[in-house]
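Trainee: May we go through this model together? I would like to start with how touching residues are defined.

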Amino acid sequence: MSFAYGDTPVLEDVSLAVHAGEFVALVGPNGSGKSTLLRVLLGSLAPSSGRVRLLGQPPERVDRARIGYVPQRPSLDSEVPATVEEIVLSGRLRRSGWWRRPRRADLEYLRHALESVGLAELARVPLGELSGGQQQRAFIARAFATEPDLLLLDEPIAGVDAESQRRFRDSLTHLIEEHGAGVLLVSHELSAVAQDLDRVVVLKRRVLFDGPPGELAAAGVSLGMHPEDLPLWLEELR
Amino acid sequence: MPWPLPYPFELAFMQRALIASVVVGVFAPMIGTFVVQKRMSLIGDGIGHLAFAGVGAGLVAGVWPVWGALGLAVAGALGIEWLRARRAASGDLALALFFYSGIAAGVVLVGLGGGLNAGVLVYLFGQPLTVTDGEIAVIAGLGAAIVLTMLLLRRALFAIITDEEWARVAGLPVRALNAVLAVQIAVAVVAAMRIVGVLLIAAMMVLPVASGQLLARSFAGTMRWSVAIGVGSAVLGLALSRVFGLAPGGTIVLVAAACFVLTALLRRGRFPRFGTGGPA
């Protein structure tokens, strides 16, 4: 699959697959095309050439209830207060019907999603009173509440505290192991999840590396890296 | 026969005014909760100006001005939403375009229709005291339609106004629901204009919500508080207007404004952090 903005190629011959129960990280320096790739996957951009399939369907046809998405910087600003519970319950809309009242099953999933990210006690607290990491966990819980078969996360651990990173890792491995979901994590900071990854895909306009993290380490690269290290070790890979 | 209510609501015209004002006190803040969260507090004002043009068009065409107002307000609301969704103009400029075209067309049409007489002034400034049974039926009907639609769509609209990008990815019919909300705002403006006037409609959508969001800690709670304050302002404002011989539409809005100032002062006393934006 390729994508270009006008004459400027952003993605060239990118081939990438995420299977059920697989935990894949997509890494690359700023401007490497990560966000563009994600937007193509979500169907907000159409590829210039090639083909995209989500759960066997083109992005515009796929059942959105099966896709979980955690945006990079959620646009939520609390002009009116909204509780963690209200936000996370939005995740049930496609499953339960957006015109219905939440049913008992929806509330079960709500509780489950909140517990898996460690926010059960803060369910009734306005989102605006939470720390950045807690807010990010609330958005992850919203994605979990949809019971996704494929979860897409855009830079979810940037600037998040250690407790939230641990919770984040536990909840992702739970989703993969218990529910058999496929997870694609777009990030340039992987230390929190490095040992749980099945594959790392390194992107810099093209796919430079696609394999288990161990092989990447054998190439002399540690995944417990700092974001600013990335361009350096990417140079080594080429 | 009037119901046996105490002064100042003992007379039949006051009771009709009370019913109409309470209905407005329910639906305006209810829809206002979404409008405020969407940061479109002034949209009610812009659509109010279009409704005024519709009143003029109705006078010229010889139909009931309320139908003219409804037609233009709904068309204008959809136009504003269309511009906003296409990002053809910034929300601010889109509003200004409709706002000024509306008031200008209103002035021209009202002039053609016989000038600023009492029949026009009731829509400009509102006058609940002369509301007829037929008008109450229309206000209550439109109000019921708004309340039912809001109850049915509130979860989906909540998801969209808090995080539109996510809602689109989640597969919600974002464009259609935004259009429905725009139409509801237009209907609310028209249903309320006979009571508080096109110049003050936006106030009844926004002021009770401004107080409600200071008192509540959730979106649902904000909506409940806003409706309670809207109804309270309608009843108290109407009573004060009778007792002191004041213009009722304006008095209702002044009570809602006083309510906000009071809530804000009380809130500031209890919490050093003013507002709801979270830790600064």
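Mentor: Two residues are in contact if their C-beta atoms, placed from the backbone, lie within 7 Å. This is a predicted model, in which local features need pLDDT of at least 70 and side-chain atom pairs count only at pLDDT 80 or more, while totals for chains, interfaces and linings use all residues. Residues are numbered from 1 along each chain as its sequence is written, and chains are lettered from A and ligands numbered from 1 in the order in which they are written.

Trainee: Which residues does Val190(B) touch?

Mentor: Leaving out residues up to four places away in sequence, Val190(B) is in contact with Ala51(B), Val66(B), Ala69(B), Leu70(B), Ala73(B) and Leu142(B).

Trainee: And which members of the largest nonpolar core touch the most other members?

Mentor: They are Ala51(B), Ala73(B), Val190(B) and Met204(B), in a core of 150 residues. Such a core is a set of buried Ala, Val, Leu, Ile, Met, Phe, Trp, Tyr and Cys residues joined through C-beta atoms within 7 Å. A residue is buried if 20 or more other C-beta atoms lie within 10 Å of its own, exposed if 12 or fewer, and partly exposed in between.

Trainee: Which element gives this core its largest share?

Mentor: H8(B) does, with 13 residues. Helices (H or I, at least four residues) and strands (E, at least two) are DSSP runs, numbered from the N terminus.

Trainee: How does H8(B) pack with H3(B)?

Mentor: Helix H3 (residues 65-86) of chain B meets helix H8 (residues 174-196) of chain B at an angle of about 145°, and their axes are 8 Å apart. Axes are lines fitted to C-alpha atoms, for helices over the stretch in contact, and angles run from 0 to 180 degrees between N-to-C directions. The crossing of these two helices is right-handed; a crossing is left-handed if the near helix is turned anticlockwise from the far one by less than a right angle, and right-handed if clockwise. On the H3(B) side the contact includes Val66(B), Ala69(B), Leu70(B) and Ala73(B), and among its H8(B) residues are Ala186(B), Val190(B) and Met193(B).

Trainee: How many residues of that contact are nonpolar, polar and charged?

Mentor: The contact of H3(B) with H8(B) has 17 nonpolar, 2 polar and 2 charged residues. Ala, Val, Leu, Ile, Met, Phe, Trp, Tyr, Cys and Pro count as nonpolar, Asp, Glu, Lys and Arg as charged, and the others, Gly among them, as polar.

Trainee: What about H6(B) against H8(B): parallel or antiparallel?

Mentor: Roughly antiparallel. Helix H6 (residues 133-162) of chain B and H8(B) cross at roughly 150°, their axes coming within 9 Å. Angles under 35 degrees count as roughly parallel, over 145 as roughly antiparallel, 65 to 115 as roughly perpendicular and the rest as oblique. This crossing is left-handed. Leu142(B) in H6(B) and Val190(B) in H8(B) are among the residues that meet there, and by class the contact divides into 17 nonpolar, 4 polar and 2 charged.

Trainee: Now chain A. How do H5(A) and H6(A) compare in direction, parallel or antiparallel?

Mentor: H5(A) and H6(A) are roughly parallel. Helix H5 (residues 132-145) of chain A and helix H6 (residues 162-179) of chain A pack at about 10°, with axes 10 Å apart. Residues such as Ile140(A) and Phe144(A) in H5(A) meet a set in H6(A) that includes Phe168(A) and Leu175(A). The contact holds 4 nonpolar, 5 polar and 2 charged residues.

Trainee: Is Leu150(A) buried or exposed?

Mentor: Leu150(A) is buried because 20 other C-beta atoms lie within 10 Å. Leu150(A) belongs to strand S5 (residues 150-154) of chain A, and among its contacts are Val18(A), Leu54(A) and Ile67(A).

Trainee: Which residues does the cis peptide bond join?

Mentor: Tyr7(B) and Pro8(B), with omega about 10°. Pro8(B) lies in the segment before helix H1 (12-37) of chain B. Most residues other than glycine have a negative phi, and most peptide bonds are trans.

Trainee: Lastly, how many residues of each chain meet across the interface?

Mentor: 24 residues of chain A are in contact with 29 of chain B. H2(A) gives the most to the chain A side, with 3 residues, and that side divides into 14 nonpolar, 5 polar and 5 charged.
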